[in-house]
Amino acid sequence: MEKIDCYIPETLQEALEILHREDVIILAGGSDLMVFHKNEPSLIPEFEKSVMIIRNLNELKGIRINSNGECEIGALCTSNEIAESTIVPWHLRQAASRMGAVGLRNSATIGGNIANASPKGDMPGPLYLLDARVKLTSLNGSREMLVSDFIIKFKSIDLKKDELITKIIIPYSERDFDYIFWHKVGTRKSNAISKITVGMALKFAEDEIVKDFRLSATSTGAKTNRNRDVENLLIGSKITEENISRVIEAFDQVISPRAMPVFRRESTKRMIRRFLSQCLLHPESRVIDTYDSYYVPGSPKPVFNI
Ligand SMILES: Cc1cc2nc3c(=O)[nH]c(=O)nc-3n(C[C@H](O)[C@H](O)[C@H](O)COP(=O)(O)OP(=O)(O)OC[C@H]3O[C@@H](n4cnc5c(N)ncnc54)[C@H](O)[C@@H]3O)c2cc1C
């Protein structure tokens, strides 16, 4: 086996200098990379080039509210830290709390989940929904972009060779909406890779007119789906049977489930219908609860992680 170098920088500056001069694999929690590079049983994983373990970078840790009232999450924050935080927006807390199982959630980081760019990844759904931005830093400075632009397609991201994801910045939270919804359909309660996950948020203006409506879904194409044209079908209008059907039909054109298309399409439709028709009833609770009838009769019934 060829020898490779392993760097463990202690500061962001040190890490950026290594990235500037070397071609390295960035390793955060390692939960994706160790599986990707796995070897025969009892043999250590095989990496094709040098590895830089970034776990010690304090600059990439911590969750805080910035001076603009936005939630800033360090790229090294784990699923458990995010799920347990009281200042992280509700949708992201739900997603983080349903990832893998307890052990996984102690190592999987938000930076790694975004950089992995899997359409089944749980965190991009809420991040798309809430217009979250990713902060990328190199020796030349920093830039920010929407997470939905950063993830280009399946396993492809807009990250330069000398850049690190340092932060995720979320400008909206559940307090900006009257009603919220998030539901992951998996085949069991833990270690369930998403079959389909839908997040929604809605705010009314006066006279029952919809002021804001957002809808994102994972596991429905080459990357997480959110489509402004679909959302605009409802914004500025009242929720009616006809409008619900128009949203469902339009979103159906956006999603492209390769496997189990009937299951994913039908489940998505049922979740959208449930959310919008519940909003119309103005329930007391901001959270529109889920129920276990989203599966398609005839297909194997999944376990719902409610
Ligand atoms: C058993 C198991 C169950 C899982 N269940 C789920 C699940 O339910 N939902 C889900 O979404 N995922 C799941 N995953 C996938 C994985 O845990 C997540 O994608 C995790 O968030 C990755 O984070 P990490 O820190 O471990 O990434 P790593 O493995 O360290 O890295 C992943 C990728 O991100 C890059 N990277 C990491 N940090 C940075 C950074 N700061 N800047 C630039 N690039 C960076 C790495 O170079 C690599 O390409 C599961 C994995 C396993 C093994």
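Colleague: How far apart do the C-alpha centres of domain 1 and domain 2 lie?

Modeller: Before the answer, please note that this is a predicted model, where local features need pLDDT of at least 70 and side-chain atom pairs count only at pLDDT 80 or more, while totals for chains, interfaces and linings use all residues. Residues are numbered from 1 along each chain as its sequence is written. The protein chain is divided into domain 1 (6–170) and domain 2 (177–304), with bounds that come from an automatic or database domain assignment. The distance between their C-alpha centres is 27 Å.

Colleague: Which element gives the most to the side of domain 1 that touches domain 2?

Modeller: The contact takes 21 residues from domain 1 and 20 residues from domain 2, where two residues are in contact if their C-beta atoms, placed from the backbone, lie within 7 Å. On the domain 1 side, the elements giving two or more residues are helix 4 (90–97), helix 7 (124–129) and strand 8 (151–153); helices (H or I, at least four residues) and strands (E, at least two) are DSSP runs, numbered from the N terminus. The element that gives the most, with 5 residues, is helix 7.

Colleague: Where does the largest share of the shell around the ligand come from?

Modeller: Of the 29 residues around the ligand, Gly29, Ser31, Gly112, Asn113 and Ala115 come nearest; a residue is near a molecule if its C-beta atom, placed from the backbone, lies within 6 Å of it. Strand 2 (25–27), helix 2 (33–36), helix 6 (110–116) and strand 10 (164–170) each supply at least two residues of this shell. The largest share, 5 residues, comes from helix 6.

Colleague: How do the residues of that shell divide into nonpolar, polar and charged?

Modeller: Here Ala, Val, Leu, Ile, Met, Phe, Trp, Tyr, Cys and Pro count as nonpolar, Asp, Glu, Lys and Arg as charged, and the others, Gly among them, as polar. On that basis the shell around the ligand has 15 nonpolar, 12 polar and 2 charged residues.

Colleague: Is tyrosine 172 buried, exposed or partly exposed?

Modeller: Tyrosine 172 sits in the loop between strand 10 and strand 11 (179–186). A residue is buried if 20 or more other C-beta atoms lie within 10 Å of its own, exposed if 12 or fewer, and partly exposed in between, with C-beta atoms placed from the backbone. Because tyrosine 172 has 19 other C-beta atoms within 10 Å, its class is partly exposed.

Colleague: Which residues is tyrosine 172 in contact with, leaving aside its neighbours within four places in sequence?

Modeller: Tyrosine 172 and proline 89 are 83 residues apart in sequence, yet 7.5 Å apart in space, C-alpha to C-alpha. The contacts of tyrosine 172, leaving aside neighbours within four places in sequence, are Pro89, Leu130 and Asp131.

Colleague: What value does phi of aspartate 131 have?

Modeller: Aspartate 131 is in the loop between helix 7 and strand 6 (133–138). With 15 C-beta neighbours inside 10 Å, aspartate 131 is partly exposed. Although aspartate 131 is not a glycine, its phi is positive, at about 55°.

Colleague: Which elements do the buried residues of helix 10 pack against?

Modeller: The buried residues of helix 10 are Ile244, Val247 and Phe251. They cover an arc of only 65° around the axis (taken from the directions from the helix axis to the C-beta atoms), so they lie on the same side of helix 10. The face turned away from this buried side carries the exposed residues Glu241, Glu242, Glu249 and Gln253. The packing partners of the buried residues are strand 13 (210–218), helix 9 (228–232) and helix 11 (261–280).
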